[in-house]
Amino acid sequence: MASAREVKRRMKSVKNIMQVTRALEAVSASKVRRATQAVMGSRAYTDHAWDVLLNIAGSATPGTALHPLLDVRKTKPNAITILLITGDRGLAGAYNTNVIRVARHFAARQNVPIRWVAVGRKGRDILLRMKQNVIAEFTNLPPRPSASDMGPIAQVLMEDYLSEQTGEVYIAFTDFINSLTQKPSIQRLLPLTPMDTTGMVGMDYLKKPSVAVSGSNLQYEYEPSASAILDEIVPKFTVMVIYQALLEALASEHSARMVAMRNASDSANDLISTYQLAYNKARQMGITSEILDIVGGAEALKTD
């Protein structure tokens with residue numbers, strides 16, 4: 001059994017760790033509130049923009065596309081690009097592991113080459129370790145990113161699609177449901193059209209669309225022209241979809257880290273209680289041993 005001094009040293013170490021986990025939990029809790037407000041504030045706008053875009057795309061003549069990013073190619077994709085969104089740091093439980101696992105399983109079910117764009121150091125490191133084809137990486141994003149920060153990411157993905165180096169572009173991210181529940185999901189980014197998942201490989205990982213075409217009798221008037229407006233709107237909408245996915249991922253990451261640090265603090269508290277009991281037992285054994293030594297010495301003096 002460890003000595004009382006050794007147990008006390010271990011108990012002090014656990015207390016120091018618990019102070020760190022409690023501080024991280026408090027920081028994550030404040031970040032969760034801000035991230036949740038950002039997610040909820042942008043969801044309604046994104047859903048309405050999707051509704052408008054889907055109706056515009058549906059108004060086109062069958063077999064034609066109003067914009068290259070809305071063009072559904074008839075042939076099988078020669079490659080698929082996946083934008084993987086993870087965190088730059090750990091200490092978030094299984095947050096990074098779960099989204100990486102879902103993205104890898106989805107990629108493994110596709111029978112075409114996979115091109116990866118990594119957002120976050122955790123995902124990038126795993127992909128490079130597995131010798132995957134990472135065509136671009138983005139790390140150290142601002143703690144509170146804006147839509148303008150998504151411009152370089154969207155530019156890489158759009159150029160990859162327009163140059164026909166890839167046939168489809170997907171986003172692998174963690175969908176924020178609430179502070180206790182986050183779901184790793186896959187969402188198609190390009191082409192920006194409704195997706196038929198019937199019989200599709202890996203459809204169980206795909207996020208179900210929250211909006212659909214609201215009607216077929218909607219009439220849109222374009223000024224100066226449809227092509228000029230869509231040339232401006234569609235790339236910006238692509239940026240917005242990426243931005244929304246990143247907001248969902250950030251809210252999920254902060255929530256996962258808050259819960260993980262809370263669980264770590266609770267485990268540390270239980271461990272301190274265990275060490276306290278062991279310390280009391282070791283101290284009691286030491287006192288008992290000293291008393292026995294005193295009694296034995298007294299008896300020896302009486303014998304003399």
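Here is the tour, one stop at a time.

First, some ground rules: this is a predicted model, where local features need pLDDT of at least 70, side-chain atom pairs count only at pLDDT 80 or more, and totals for chains, interfaces and linings use all residues. Numbering runs from 1 along each chain as its sequence is written, and side-chain values use heavy atoms, with hydrogens and water left out.

Start on the surface, where Lys8, Lys12, Lys15 and Arg283 form a patch of positive charge (patch residues have over 30% relative accessible area and no salt bridge, with like charges joined within 9 Å). Helix α1 (residues 4-58) supplies the largest share, three residues, and Lys8 lies in that helix. Helices here are DSSP runs of H or I with at least four residues, and strands are E runs of at least two.

Next, look for the second largest pocket (an open set of points on a 1 Å grid, with protein on both sides within 12 Å along at least five of seven lines; lining residues have an atom within 4 Å of a point). Its lining has 27 residues, and Pro142, Pro143, Pro145, Leu250 and His254 lie nearest the centre. Both α1 and α5 (226-303) give two or more residues to this lining, and α5 brings the largest share, eight residues.

Finally, the backbone. Most residues other than glycine have a negative phi, and most peptide bonds are trans. Yet Lys131, not a glycine, has a positive phi of about 60°; look for Lys131 in the loop between α3 (121-129) and β3 (134-138). Leu190 and Pro191 are joined by a cis peptide bond, with omega about 0°, and Pro191 sits in the loop between β5 (182-190) and α5.

Terms used: Patch = residues over 30% accessible without salt bridge, like charges linked within 9 Å, V, L, I, M, F, W, Y side chains within 5 Å. Areas by Shrake-Rupley, 256 points an atom, 1.4 Å probe, with all protein chains shown as cover. Salt bridge = Lys/Arg side-chain N within 4 Å of Asp/Glu carboxyl O. Lys, Arg positive; Asp, Glu negative; His and termini not counted. Charge placed at Lys NZ, Arg CZ, Asp CG, Glu CD. 1 Å grid on protein atoms, 1.4 Å probe; cavity = no way out; pocket = protein on both sides within 12 Å on 5 of 7 lines; lining within 4 Å.
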